[in-house]
Structure formats: structure tokens, C-alpha cells
Amino acid sequence: MKILHIDCSPRPDSHSRKLSAAIVAQLLDMAPDARVTRRDLGREPIPHPDMDYASALSSPKTLAHDQMDRATRLSETLIQEVEAADILVIGTPINNFTVPSVLKAWIDQILRMGRTIGTTPSGEKMGLLDDKPVYIGIAAGGVFTGDRAKQPDFLIPYLTAALGCVGLSSLQFFPLQATVFLSEEQLEEGRAALIASMAT
Ligand SMILES: Cc1cc2nc3c(=O)[nH]c(=O)nc-3n(C[C@H](O)[C@H](O)[C@H](O)COP(=O)(O)O)c2cc1C
């Protein structure tokens with residue numbers, strides 16, 4: 001079994017990093033032979049779509065093959081990392097109600113028409129990747145989901161739509177909330193409760 005472990009926080013002592021690491025540890029407990037590969041978007045951010053990539057997606061018919069290959073090289077690498085994995089684990093903070101821009105930059109490379117997204121005869125988008133479990137550990141400074149939410153949530157609906165669009169619909173979200181208000185002990189308890197709720 002192969003696990004692709006993605007982190008998005010720029011902070012070394014990050015709550016989403018601890019949460020995603022705990023999810024991976026739980027998966028390794030059940031499958032000790034699993035191999036883990038890393039994509040650390042927080043420490044090594046990928047670029048936002050550049051002119052060549054934007055052109056490749058906007059006017060694919062006018063581009064020569066080698067131009068297209070060059071423009072989509074990073075996208076291809078990242079998509080192949082997803083394809084090679086049996087399970088994805090993503091650790092992410094919430095930033096201004098949604099995913100941080102490093103995760104959005106990754107999504108912009110993964111969602112590609114004609115590669116990971118097709119269309120049905122009636123023109124609907126259709127995911128072309130095989131579905132697989134995706135565990136998403138979220139750290140939020142405040143409370144953004146559930147009965148006590150104090151802010152809108154554009155993260156869970158957005159990731160559900162974006163990943164669903166390429167065929168990844170088996171998502172489990174683990175929100176660790178109020179990180180700026182809780183003690184380390186309370187956060188540890190919160191992390192343990194989230195891991196205990198993991199359906200595998
Ligand atoms: C730029 C920025 C925007 C943020 N926006 C939100 C937000 O909209 N809602 C929220 O609850 N917390 C917000 N926070 C707080 C972080 O979600 C919180 O500190 C979280 O624990 C960070 O994740 P990390 O511990 O993995 O680095 C924001 C933090 C930063 C730096």
C-alpha cells in the first residue's frame with residue numbers, strides 16, 4: 001500500500017502537520033508495510049499557474065505537442081504522485097475561510113481538463129482518476145464547522161467539489177478547531193478524538 005502524505009502549513013510546529021502525521025501513523029499501525037511518499041507544499045511551495053500552463057489549459061488546440069509537454073510537466077508529476085498512491089493524507093490549515101494558496105496551487109495543477117477531468121456526452125464534468133480514500137486533517141484558529149461555527153466554511157465544500165471533480169469522492173475530514181484558544185493538552189485530546197473517529 002502506498003500513502004501520499006501532503007502538508008500545507010509553513011509552520012514547523014503546526015497543528016495540521018501533527019494531525020496529518022497522526023493520521024499517517026494510524027494507517028501505518030494497520031498496514032506496517034505501507035510506503036509513505038511526501039509532498040510538502042508548506043516547506044516547498046509549488047508555483048502558481050504560469051503563462052505557459054495557463055495557455056496550455058486555455059488554448060490546448062493551438063499548442064504544439066512539445067510546448068504542451070513542457071507547460072504541463074509539473075502538473076503531470078503531481079498527478080502521477082496521486083495516481084501512484086492508494087491513499088492520500090492531507091494536512092492543511094484554514095486560511096481566510098478556505099484552503100491556503102499553496103494547496104490551491106496544487107489543485108490548479110491536479111484538475112486538468114482532458115487528463116484528470118473528462119466530459120459526459122451531455123457536457124457534465126466527469127472525474128478520470130480512480131477513487132481512493134482521502135483523509136484531510138484541518139487546523140483552524142477558530143470554529144468553522146459544526147453547531148458552534150462562528151464563520152463560514154468554504155474549505156470542506158470547496159475540497160469536496162474540487163477533488164470530486166477528478167473522481168476523488170471518498171473524503172474524510174478531521175477538523176481540529178480553535179487552535180489559537182486551546183491549550184496543548186486540549187489540542188492533544190482533540191487530535192486523539194479525531195483519530196479515534198477515523199473510519200478505515
Ligand atoms: C493567513 C491566515 C489566515 C487565517 N484564516 C483563518 C480563518 O479564516 N479561520 C480560522 O479559524 N483560522 C484562520 N487562521 C488561523 C489558522 O487556521 C490556525 O492558526 C491554524 O492552526 C494554522 O494551521 P497550522 O497550525 O497547521 O499552521 C488563519 C491563519 C493565517 C496565517
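**Ground rules**

I number residues from 1 along each chain as its sequence is written, and my side-chain values use heavy atoms, with hydrogens and water left out. As the model is predicted, local features need pLDDT of at least 70 and side-chain atom pairs count only at pLDDT 80 or more, while totals for chains, interfaces and linings use all residues.

**Entry 1: the ligand**

Ser9 has a polar side-chain atom 2.7 Å from a ligand oxygen. Gly142 places a polar backbone atom 2.7 Å from an oxygen of the ligand. Gly141 has a backbone N or O atom 3.2 Å from a ligand nitrogen. Of the 640 Å² of accessible area that the ligand has on its own, the protein covers 71%. Such areas come from the Shrake-Rupley method with a 1.4 Å probe, and for residues only the protein chains shown count as cover.

**Entry 2: salt bridges**

How many salt bridges does the structure hold? I have 14 in my list, each one a side-chain nitrogen of Lys or Arg within 4 Å of a carboxyl oxygen of Asp or Glu. Side chains of opposite charge can pair when their charged atoms come close.

I looked at Asp40 and Arg17, whose side chains meet at 2.8 Å, N to O. Asp40 is in strand E2 (residues 35–40) and Arg17 in helix H1, 23 residues apart, so the pair links distant parts of the chain. Helices (H or I, at least four residues) and strands (E, at least two) are DSSP runs, numbered from the N terminus. Buried or exposed? Asp40 and Arg17 are buried; I use buried for under 20% relative accessible area, exposed for over 50%, and partly exposed in between (1.4 Å probe, protein chains only). Asp40 and Arg17 also belong to a network of salt bridges that links them with Asp7, Arg38 and Arg43.

Lys18 pairs with Glu184, with the closest N and O atoms 3.7 Å apart. Lys18 is in helix H1 and Glu184 in helix H7, so this bridge ties together parts 166 residues apart in sequence. Lys18 is partly exposed at 25%, and Glu184 is partly exposed at 42%.

Glu81 pairs with Arg39, the closest N and O atoms being 2.7 Å apart. Glu81 counts as partly exposed at 22% relative accessibility, whereas Arg39 is buried at 19%.

**Entry 3: helix H1**

I went back to helix H1 (residues 15–30) for Ala25. Ala25 is partly exposed, at 40% relative accessible area. Its C-alpha is 9.8 Å from that of Ile195, 170 residues apart along the chain.

Ser20 is also in helix H1. I have Ser20 as buried, at 0% relative accessibility. The Ser20 side chain reaches the backbone oxygen of Arg17 at 3.2 Å.

**Entry 4: positive phi**

Most residues other than glycine have a negative phi. I noted Asn96, not a glycine, with a positive phi of about 50 degrees. Asn96 is in the loop between strand E3 (87–93) and helix H5 (101–110), and Asn96 is exposed at 70%. Phe97 has a positive phi of about 75 degrees and is in the loop between E3 and H5. Phe97 is partly exposed at 36%.

**Entry 5: a surface patch**

Last, I looked up Val180, Phe181 and Leu182, which form a nonpolar patch on the surface with about 330 Å² of accessible area together. Patches are made of residues with over 30% relative accessible area and no salt bridge, with like charges joined within 9 Å and nonpolar side chains (Val, Leu, Ile, Met, Phe, Trp, Tyr) within 5 Å. Val180 is in the loop between strand E7 (171–176) and helix H7 (184–196). At 62% relative accessibility, I count Val180 as exposed.

Conventions
A polar contact is a pair of N or O atoms within 3.5 Å; within protein, one must be able to donate a hydrogen and the other to accept it, and residues adjacent in sequence count only if both atoms are side-chain atoms.
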